[in-house]
Amino acid sequence: MTGRGRPGESAARTFEALPPAKGSRAPFAESWWGRAWLRSLEESSLDSGRLSRGRTYARGGAVGPVTVAPGSAAAPVQGSRRTPYRSTVQVEQLTDQQWDRLLDMIAERAANIAALLDGEMPAGLADDAAAAGVPLLPGPRDLDPECSCPDWGYPCKHAAALCYQVARLLDRAPFVLLLLRGRGEQELMDELGRRNTTRASAEAAVSATTTGADPYGSPAPTGDPAALAFASRAELPPLPSPPSLPDRAGRGPALVDSAVPEPGVDPAALELLAVDAAVRAHHLLAGALGTRHADTAPPVPLTEWQDAVRLAATHPTPEVFARIAANCGRTPRELAAATRAWRHGGAASLDVLNSSWTPPASRLERDREALRADWADGRPPRLRSWRNRWTVEGRDAQLRLGRDGLWYPYTKDQGTWWPAGPPDADPAVVLTALLET
């Protein structure tokens with residue numbers, strides 16, 4: 001199928017707005033491919049508060065008609081304002097070479113086509129496709145949500161609501177997933193029919209060759225036509241597809257019991273550094289293979305303290321924790337708070353823990369107004385303001401505004417403020433999740 005163009009707008013399908021879902025705990029997806037879509041969404045975001053608001057929006061019928069096209073899904077989503085926002089989620093399309101491999105796998109078995117026609121994704125097809133380098137199901141970094149709202153989050157609650165609604169559509173028709181990956185239902189069925197015809201003709205020709213008959217009534221060809229193809233240099237084959245991302249980083253070499261170390265060499269520490277290098281390399285490779293790689297700036301070099309906290313957060317063992325705390329001159333309690341902050345937002349979250357600053361008054365006033373407008377149960381709780389910190393009166397709960405424009409939740413325990421969850425640009429999302437814990 002080399003040389004084929006991408007499907008046009010005629011492949012797009014618009015699904016009517018789904019009715020509000022009954023029950024607040026009913027799953028959005030019951031099929032395994034629908035759950036894989038949700039897993040991709042939820043693993044790509046540390047923001048449980050925003051996802052919770054997105055689920056509420058989707059269950060309440062805030063998502064309008066969903067238009068699914070090759071590589072994207074879009075819908076109007078009603079927020080707190082009168083005019084709905086326009087939310088989209090982009091999905092990377094398969095290449096023509098990947099479609100060739102996938103369609104061959106489907107056409108190999110009649111049961112695959114029958115399952116698709118019955119509204120089922122063939123069992124084992126996703127695993128076979130992944131082994132062949134065809135990412136049929138989306139991974140944690142394959143969804144790219146966007147929205148016309150002013151929320152800076154990734155994803156915002158409106159785009160999250162759209163993603164949850166798409167999961168309900170996937171339950172109803174697996175062809176929605178195939179359309180998101182680049183091909184419409186009619187085009188797929190036509191192509192599968194053509195491949196079945198070609199396969200049947202080839203099998204008939206092989207059978208006739210073994211029996212000495214010519215199924216077409218024409219003389220047997222002479223010579224070696226393959227030689228012409230190998231001799232031609234006019235058309236070179238396309239470059240192979242990029243390698244698929246491994247599920248996890250490798251463990252690295254085992255050094256502790258391999259030999260007697262030289263004086264001053266710590267095999268356990270070297271093993272840890274090797275594992276850490278593999279984890280970081282896996283992270284960088286994931287970014288390089290992502291669709292947004294060209295727009296991503298190189299990471300800012302970490303300070304010694306930031307890298308120590310990152311190491312403790314990435315490898316949370318008692319030995320690593322005690323060693324880093326001792327070498328950095330920090331108490332275990334200080335390192336524990338820093339490690340928790342890092343897990344919720346990296347270097348930006350660590351800065352929120354360690355320092356305070358004075359944001360512009362216009363920014364604080366705008367966020368106070370947004371908090372009042374978005375609060376679900378009337379007036380929000382009273383807040384005491386100091387610099388970049390809002391403390392809830394009568395509760396051991398606090399919001400801190402980071403220099404990255406996000407609000408970070410904190411709770412007090414034994415006189416110490418601790419990071420309590422992921423950040424969000426919307427203070428209502430953070431405060432709601434914080435007060436529900």
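With a relative accessibility of 70%, Q414 counts as exposed, a class that requires over 50% relative accessible area, whereas buried residues fall under 20% and partly exposed ones in between (1.4 Å probe, protein chains only). The model is predicted, so that local features need pLDDT of at least 70 and side-chain atom pairs count only at pLDDT 80 or more, while totals for chains, interfaces and linings use all residues. Residues are numbered from 1 along each chain as its sequence is written, and side-chain values use heavy atoms, with hydrogens and water left out.

Most residues other than glycine have a negative phi. Q414, however, has a positive phi near 55° and is placed in the loop between strand 9 (407-413) and strand 10 (416-419), strands being DSSP runs of E with at least two residues and helices runs of H or I with at least four, numbered from the N terminus. A positive phi of about 55° is also found at R387, which is not a glycine; R387 lies in the loop between strand 6 (383-386) and strand 7 (389-392) and, at 35% relative accessibility, counts as partly exposed.

The second largest pocket has a volume of about 1100 Å³. Of the 35 residues in its lining, P135, L137, G139, D142 and L245 are the closest to the centre. Helix 1 (32-43), helix 3 (96-107), helix 5 (125-131) and helix 10 (267-289) each supply at least two lining residues, and helix 1 gives the most, with 4. A pocket is here an open set of points on a 1 Å grid over the protein atoms alone, where a 1.4 Å probe fits, with protein on both sides within 12 Å along at least five of seven lines, and lining residues have an atom within 4 Å of a point; the volume is the space filled by probe spheres set on the points.
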